[in-house]
Amino acid sequence: MEWAYAEGTPADSLTVVVLSPTDPMSRGQLRRMAELARDEGFRVRWQEARGGAGAPVRTVRELGPMLRTAERIVIGDPFSRYVQLLLTLVGGRALTVVDDGTATMEFVAQIARGEQLVRWHRRGGRRGPRELVLAPVTFAARKRLTPAPGRPVEVFTSMPVEPPPGVEVTANDYAWTRARFGPPLLTRGADMVGTSLVETGVVGAEQYLDAVEGLARAHGATRYFAHRRESPDKLHRLASVTGLEIVRPDLPLELIARRGPIGESVLSFPSTVVHTLPLALAGTGIKVAVCDIAPEWLRETASPRAGGFLAVVTGTARGVHRLAAPA
C-alpha cells in the first residue's frame, strides 16, 4: 500500500486492520508491511479473522463498532467475501477501494455495468451452496460499492480504469515507494517475476514451465521472484528444470525491486507488476518486459474471459516492452 494516500492526514488518526490470511507466505508479507505501517505512524490491528470456526463471528463483533462510526472506510480487496461481509456493517460513509491488483480493472468494469462481483479467472455457471448462502451479502456489498447521492466511492490505484459516473479515481504513482527506498543496485542480466496463473487454473503447468524455461534461456535470467501463492512443488520443478534461483520475497515486489539488487531487465507475464514496476522503478533505467500468454497455454477449464482479460492487462501497460511467447 502507498502510505502517500494519507498525505495531509495525521497517521495516528488512521487504523489499519489486517484480516490475517492462513497462507504462510501471505502472512509473512503482511507482517512485514504491518511493521512498515507502524514505522510510518499508523495504528495497526492484526485480526486473526480466519483462526477457527468462531473467528468470523468474533471479528464482526470486535470490528463492528469501529466500522459503524468511522468517517471513511478504506478496503483492499472488494471481491473478498470477508470484506463484503464487513461492508454490511458500514454506514453511509465515504468509501475508498485501495488496490493495485489487476482485479481492480475488472471490479470497476463490473460496477459500471451493474454486474455481480466475480473474479476474472473464475468460471460462471451454477453457484454452489456457499455462494447461495452468501448471495445476500454479495448483493449488499455491490450496492454499497456503487456510488449514490451522499455515498461517494473512491478508487486509489495505479491500474488504468474507466470509472462510471460517481466513482472518483486517484492515481497511485508510487511516490512513497520511490522516496522511501532506493535507488536500487543493478545486477547484470535479467530477473523473472512469477505468477499464480497455474494455481488459479488459468494456464497449464507444463505450458508455464516451458514458457519460463524459454524466456530464461533467451534473456539470460538467473533469478525467479515467486508469487506468494505459487506452490512449493511447482517452484521446485522450476528450479530443477531451469536452473533459476527461486526467491520468495518477504515484501511486495515493488519494494524488493526498489531496494535491490535487481536485474537490468525484469521479465513478467501479464500481471499486476507490468503496471506497478515501471512506476516504482521510474528513473532507474531498468527495463520491464512482458510476455503475452499464448492461447494454447490456457486450460480448457479456464474462464472464457481469461484470454481477453490477460490481453487487456498487457495492452494497457505503460512503459513496458512486449516479448513474443517463446516457441
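In helix H1 (residues 24–39) of this predicted model, where helices are DSSP runs of H or I with at least four residues, strands are runs of E with at least two, and both are numbered from the N terminus, the residues Ser26, Gln29, Met33, Ala34, Leu36 and Ala37 are buried, that is, under 20% relative accessible area with a 1.4 Å probe and protein chains only, exposed being over 50% and partly exposed in between. Seen down the axis of H1, these buried residues fall within an arc of 160°, so they line one face of the helix, the arc being that of the directions from the helix axis to the C-beta atoms. Pro24 and Asp39, on the other side of H1, are exposed. The buried residues pack against strand S2 (43–47), helix H6 (175–180) and helix H9 (253–259), contact meaning heavy atoms within 4.5 Å.

Just after H1, Gly41 takes a positive phi of about 100°.

Elsewhere, six strands form an open sheet with parallel pairing in the order S9-S8-S7-S10-S11-S12, where two strands pair if DSSP finds at least two bridges between them. Strand S9 (245–247) and strand S12 (321–323) are the edge strands, each pairing on one side only. Three bridges join S11 (residues 287–291) to S12, and Ala289 stands opposite His321 in S12.

Residues are numbered from 1 along each chain as its sequence is written. Local features need pLDDT of at least 70 and side-chain atom pairs count only at pLDDT 80 or more, whereas totals for chains, interfaces and linings use all residues, and side-chain values use heavy atoms, with hydrogens and water left out.
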